[in-house]
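The following note sets out numbered points for a colleague who is reading the model. Please consider each point with the coordinates open.

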Amino acid sequence: MTGRCAGLTALVTGSSRGLGKAIAQRLAGEGATVAVTGRTMEPDLKYQGSLQETLAEIAAAGGSAIAVQADLSKTEDRERLFAEVVHCIGAPDILVNNAAVTFLRPLDEFPERRVRLMMEMHVLAPLHLTQLAIPAMRERRRGWVLNVTSVGGDLPSGPPFDEFDRSAGFGIYGTVKAALNRLTRSLAAELYEDGIAVNAAAPSKPVATPGAGSLDLAKTDTEDIGLITQTVLELCTGDASTMTGRIAHTQSFLREIGWLS
């Protein structure tokens, strides 16, 4: 298969459903050999989507992919995942850190164990997987890391604070995404001389995915998932000397590069 990612390997986390699945399909459609990963390998009535289904849809479209089941909240699973990907398709040229877990609750009653889990998934796991990917990228002097972030990582305006920020319970979610944004910028700076681009993509509006639906999000005024996958593609194939360190809000970013009017 030819395309902008022809000859490249990619690892996309959280790709059994939703945004991660769409990203994996887009990169495979552009010619990448893609490793998909998540906790749900086989179809399960309790969940919408599985790695097997993602794999089958990529194959049906003429793409190439493998699936590795892993719980990315566990250090040992991240190491096993990466080793298996390297063994099967080689070290990734593209790493997309999409896997996440989200709980919404006011800060005065937020359980510590859930705070720790969100920090693990949104910050520590992306850092760890990036650390595992760096040596091969550095040796090739080529690589792209893309972290899926959120406009929730932007600071709320105020005072006075609007009703949404006072009552939505997004405090921890915004905190971990803000940390991920800072991590993205720091990695981009440290890896700049190695030819490795590190960026983050934030949907400009909520995305209607199974995860968002379970949290009562993205019911109206949602963003086309195609805008996000296009943003990811641009950031995962761009010139690392100029397209790095970006915290890209999808719609404004795509307008900036002339893809969206």
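1. Asp 194 is buried at a relative accessible area of 13%, where buried means under 20% relative accessible area, exposed over 50%, and partly exposed in between (1.4 Å probe, protein chains only). The place of Asp 194 is the loop between α6 and β6; helices (H or I, at least four residues) and strands (E, at least two) are DSSP runs numbered from the N terminus. The side chains of Asp 194 and Arg 138 are joined by a polar contact of 3.3 Å. A polar contact is a pair of N or O atoms within 3.5 Å; within protein, one must be able to donate a hydrogen and the other to accept it, and residues adjacent in sequence count only if both atoms are side-chain atoms. Leaving out residues up to four places away in sequence, Asp 194 touches Met 137, Arg 138, Arg 141 and Arg 142, contact meaning heavy atoms within 4.5 Å.

2. On the basis of these values: this is a predicted model, in which local features need pLDDT of at least 70 and side-chain atom pairs count only at pLDDT 80 or more, while totals for chains, interfaces and linings use all residues. Residues are numbered from 1 along each chain as its sequence is written, and side-chain values use heavy atoms, with hydrogens and water left out.

3. Backbone geometry deserves a check at several positions. Most residues other than glycine have a negative phi, and most peptide bonds are trans. Arg 141, in the loop between α4 and β5, has a positive phi of about 55 degrees although it is not a glycine. A cis peptide bond joins Gly 158 and Pro 159, with omega about 0 degrees, and the bond from Pro 159 to Pro 160 is also cis, with omega near -5 degrees.

4. Buried residues of α6 include Ile 172, Val 176, Leu 180, Leu 183 and Leu 187. Their cover includes α4, β5 (143–148), β6 (196–202) and β7 (247–249).

5. Which residues form one aromatic cluster? They are Phe 164, Phe 170 and Tyr 173. The count comes to 2 aromatic pairs. In one of them, the ring centres of Phe 170 and Tyr 173 are 5.9 Å apart and the planes lie at 70 degrees, so the pair is edge-to-face. Rings of Phe, Tyr and Trp (its six-membered ring) pair if their centres lie within 6.5 Å; planes under 30 degrees apart count as stacked, over 60 as edge-to-face and the rest as tilted. Phe 170 is partly exposed at 23%, whereas Tyr 173 is buried at 15%.

6. Helix α8 (residues 225–235) has 9 of its 11 residues buried, so it is largely enclosed by the rest of the structure. Cover for these buried residues includes α1 (18–29), β4 (94–97), β5, β6, β7 and α9 (250–256). At the start of α8, a side-chain oxygen of Asp 224 comes within 2.8 Å of the backbone nitrogen of Gly 226.

7. The largest nonpolar core holds 33 residues, and those with the most contacts inside it are Ile 23, Leu 27, Val 34, Ile 94, Val 96 and Leu 146. A second, separate core of 32 residues includes Val 68, Val 85, Phe 110 and Leu 191. A nonpolar core is a set of buried Ala, Val, Leu, Ile, Met, Phe, Trp, Tyr and Cys residues joined through side-chain atoms within 4.5 Å.

8. Thr 37, in strand β2 (residues 33–38), is buried with a relative accessible area of 0%. Its side chain reaches the backbone oxygen of Val 68 at 2.6 Å. Thr 37 and Leu 51 are 14 residues apart in sequence, with their C-alpha atoms 6.8 Å apart in space.

9. Met 121 lies in helix α4 (residues 112–140) and counts as buried at 9% relative accessibility. The C-alpha atoms of Met 121 and Ala 100, 21 residues apart along the chain, are separated by 5.5 Å.
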